[in-house]
Amino acid sequence: MTTDALARVRALLVDMDGVLYRGDQVLPGASELFPALRALGIGFVLITNNSSRTQEQYEQKLQRMGVPVRGEEVLTSGQATALYLARDHPPGTRVFVIGMDGLVQPLRAQGYVLTDQEPEVVVVGFDSALTYDKLVTAHRAIRRGARYVGTNPDPTLPTPDGDVPGSGSFHCLLSTSTGVRPTIVGKPHPPLFEMGLARLGTRPEETAIVGDRLDTDIQGGRNVGLVTMLVLSGSTTIEQVAQAEQKPDYVFPGLPDLIEALYRSRGVPYNAGRR
Ligand SMILES: [Mg+2]
């Protein structure tokens, strides 16, 4: 795509892990990106498939890293799941949840009753305190006909000590035992992207996803009609991009190159736009 197409981008959905940071390590350009977007009048929402942390916990993590972002500028798959359920289920609906603060809190805020007694909905996200009892409760409820919804399909979760089983792996177990497949809210499925767009108030063709994964960020973004931007600071190598059947619209080594390209597309020299 051309610089002209870049000039039409009015807002960004920004993935966090592998784009802004890796583990607790902030990545180059992360602290400059948001002041730059504000200076250029480009809207943004930070999105993540991770449902463990709340908005406030993300704000604290990012502030610690020197990335100036407010909690309300973050949209997690936990929040998106609560908003997704709100389309069909009124406050007071009984929900059984496997998950942590970042999922429990938005479900409570939506007015749902979190219970293991005859739930109408089972919601499954990452849970570091997963037990066999929780799996049994979820299994029985789904078998009885409760709606089965998942925050994200990620098979693993990155940690400083290496990958651990993610909530996508929990779904393998429950899908096998119940014979029911969950509805998934997070990337590459459309709901999280759609909710990000709704919050930005922009159309897909004038909104870009910035992410580090071809299978979730780029494929999912393309499915909903977004402009796609891959950064090579995370889990994808330039060799993998070369082999990919569907290429991202833009590939940047890292955020500094993306920021520079956005400035150039507006006819503003990057250095002049720097704080
Ligand atoms: Mg990522």
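Reader: What gives the most to the lining of the largest pocket?

Author: Helix H9 does, with 3 residues. This is a predicted model, in which local features need pLDDT of at least 70, side-chain atom pairs count only at pLDDT 80 or more, and totals for chains, interfaces and linings use all residues. Residues are numbered from 1 along each chain as its sequence is written, and side-chain values use heavy atoms, with hydrogens and water left out.

Reader: Why is H9 called a helix, and what else lines the largest pocket?

Author: Helices (H or I, at least four residues) and strands (E, at least two) are DSSP runs, numbered from the N terminus. H9 covers 214-223. Strand S2 (21-22), helix H3 (55-64) and strand S10 (156-157) also give two or more residues to the lining.

Reader: What makes a residue part of the lining, and how many residues line the largest pocket?

Author: A lining residue has an atom within 4 Å of a pocket point. A pocket is an open set of points on a 1 Å grid over the protein atoms alone, where a 1.4 Å probe fits, with protein on both sides within 12 Å along at least five of seven lines. Here 37 residues line the largest pocket. Asp17, Asp154, Thr156, Leu157 and Pro158 lie nearest its centre. The volume of this pocket is about 970 Å³.

Reader: What makes a residue a donor of the magnesium ion, and which residues coordinate this ion?

Author: Donors are N, O and S atoms within 2.8 Å of the metal (3.2 Å for Na, K and Ca). Asp15 (OD), Asp17 (O) and Asp212 (OD) coordinate the magnesium ion at 2.1 to 2.2 Å. Along the chain the donors follow the spacing D-x1-D-x194-D. Water is not among the atoms, so the site may look incomplete.

Reader: Why does aspartate 15 count as buried, and what does aspartate 17 count as?

Author: Buried means under 20% relative accessible area, exposed over 50%, partly exposed in between (1.4 Å probe, protein chains only). Aspartate 15 has 5%, so it counts as buried. Aspartate 17 has 31%, so it counts as partly exposed.

Reader: Why is helix H4 called largely enclosed?

Author: In H4 (residues 77-86), 8 of the 10 residues are buried, so the rest of the structure largely encloses it. Among them are Ser77, Gly78, Tyr84 and Leu85.

Reader: How do you know that S8 and S9 pair?

Author: Two strands pair if DSSP finds at least two bridges between them. S8 and S9 have 4, in the parallel sense. Valine 121 stands opposite arginine 147 in S9. S6 and S8 also run parallel, joined by 4 bridges. There, valine 97 has valine 123 of S8 as its bridge partner.

Reader: What covers the two faces of S8, buried or exposed residues?

Author: Buried residues. Val121 and Val123 lie on one side, Val122 and Val124 on the other.

Reader: What is the order of the open sheet of 6 strands?

Author: The order is S5-S4-S1-S13-S14-S15, with parallel pairing. Its edge strands are S5 (74-76) and S15 (250-252). Inside this sheet, S13 (residues 207-211) and S14 (residues 227-231) are joined by 4 bridges. Isoleucine 209 has threonine 228 of S14 as its bridge partner.

Conventions: Grid points are joined across faces, edges and corners, and a volume is the space filled by probe spheres set on the points.
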